[in-house]
Amino acid sequence: RPRCSTQVEHYWTALDKALGSFHRLKIEEINRIIKELWSVTYMGEDIDTIEIVSGEDNGSKRAARSYNYHVRMRKQGAALDMKGRCSAGQRVLASIVIRLALAQTFCIKCGILALDEPTTNLDEANRRSLAHGLSRIIADRARQSNFQLVVITHDEEFIATLRTEMAAQAGASMPEHYWRISREEVGQGKFYSKIDKIPMDQLQ
């Protein structure tokens, strides 16, 4: 029994080290992708890049290990937590960039990426930069047969900008139409949803 207990402890230690190494490698990969995406989507000059920082909670034991994740921003080598120090637009953009990085790292075989109102709280410059960044992602994923980007938005101007940016990217597959969903009244306070298929070239 002592020998068996020792072997189990050796196995558990090796597994723990392997999991820790895997965690570090994935955090590095995620932050590399975040840095690339941030550089092409954020138009401001006050934040060079953002990154996910993971710190092990104090007192957490090996059997019940947990990590405290937070987002940090960098400017000329200086690092600060983003929480409470950034605008609503910066938070939205950071959220989208992090989700894209997580999807690219862990869901490469899952080709559907959905963005719900991605331009909320973004100013015009950052809407254009987001469209530019998404067009580059679409062009890069064009080789992936099952990739599909679903954008849900009220911002038709953003979709028009995205179409223009996609046209400038080599390898990007241009969508031929989009779906417009509206609500129409049929009388007596009753409404129904109307779905129209609109050619992309009708966007101004």
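This is a predicted model: local features need pLDDT of at least 70, side-chain atom pairs count only at pLDDT 80 or more; totals for chains, interfaces and linings use all residues.
1. Asp155 is worth a look to start with: the residue is buried, at 17% relative accessible area (buried means under 20%, exposed over 50%, partly exposed in between, with a 1.4 Å probe and protein chains only). Asp155 sits in the loop between strand E5 (148–152) and helix H4. Its contacts, not counting residues up to four places away in sequence, are Thr119 and Arg127, where contact means heavy atoms within 4.5 Å.

2. Residues are numbered from 1 along each chain as its sequence is written, and side-chain values use heavy atoms, leaving out hydrogens and water. Helices (H or I, at least four residues) and strands (E, at least two) are DSSP runs numbered from the N terminus.

3. Now H3, residues 124–140. Its 17 residues span 24 Å from first C-alpha to last, close to the 24 Å expected at 1.5 Å a residue; that expected span is 1.5 Å times one less than the number of residues. Buried residues in H3 include Asn126, Leu130, Leu134 and Ile138.

4. How do H3 and H4 cross? Their axes come within 8 Å at roughly 45° (axes are lines fitted to C-alpha atoms, for helices over the stretch in contact, and angles run from 0 to 180 degrees between N-to-C directions). That makes H3 oblique to H4, since under 35 degrees counts as roughly parallel, over 145 as roughly antiparallel, 65 to 115 as roughly perpendicular and the rest as oblique. On the H3 side, the residues meeting H4 include Arg127, Leu134 and Ile138; on the H4 side, they include Phe158 and Leu162.

5. The largest nonpolar core has 40 residues, and Ile34, Trp38, Ile50 and Leu134 have the most contacts inside it. Such a core is a set of buried Ala, Val, Leu, Ile, Met, Phe, Trp, Tyr and Cys residues joined through side-chain atoms within 4.5 Å. Helix H2 gives the most to this core, nine residues. Ile34 touches Ile50, Ile52, Val97, Ile98 and Ala101, not counting residues up to four places away in sequence.

6. Gln76 is exposed at 70% relative accessibility, and Gln188 is exposed at 77%.
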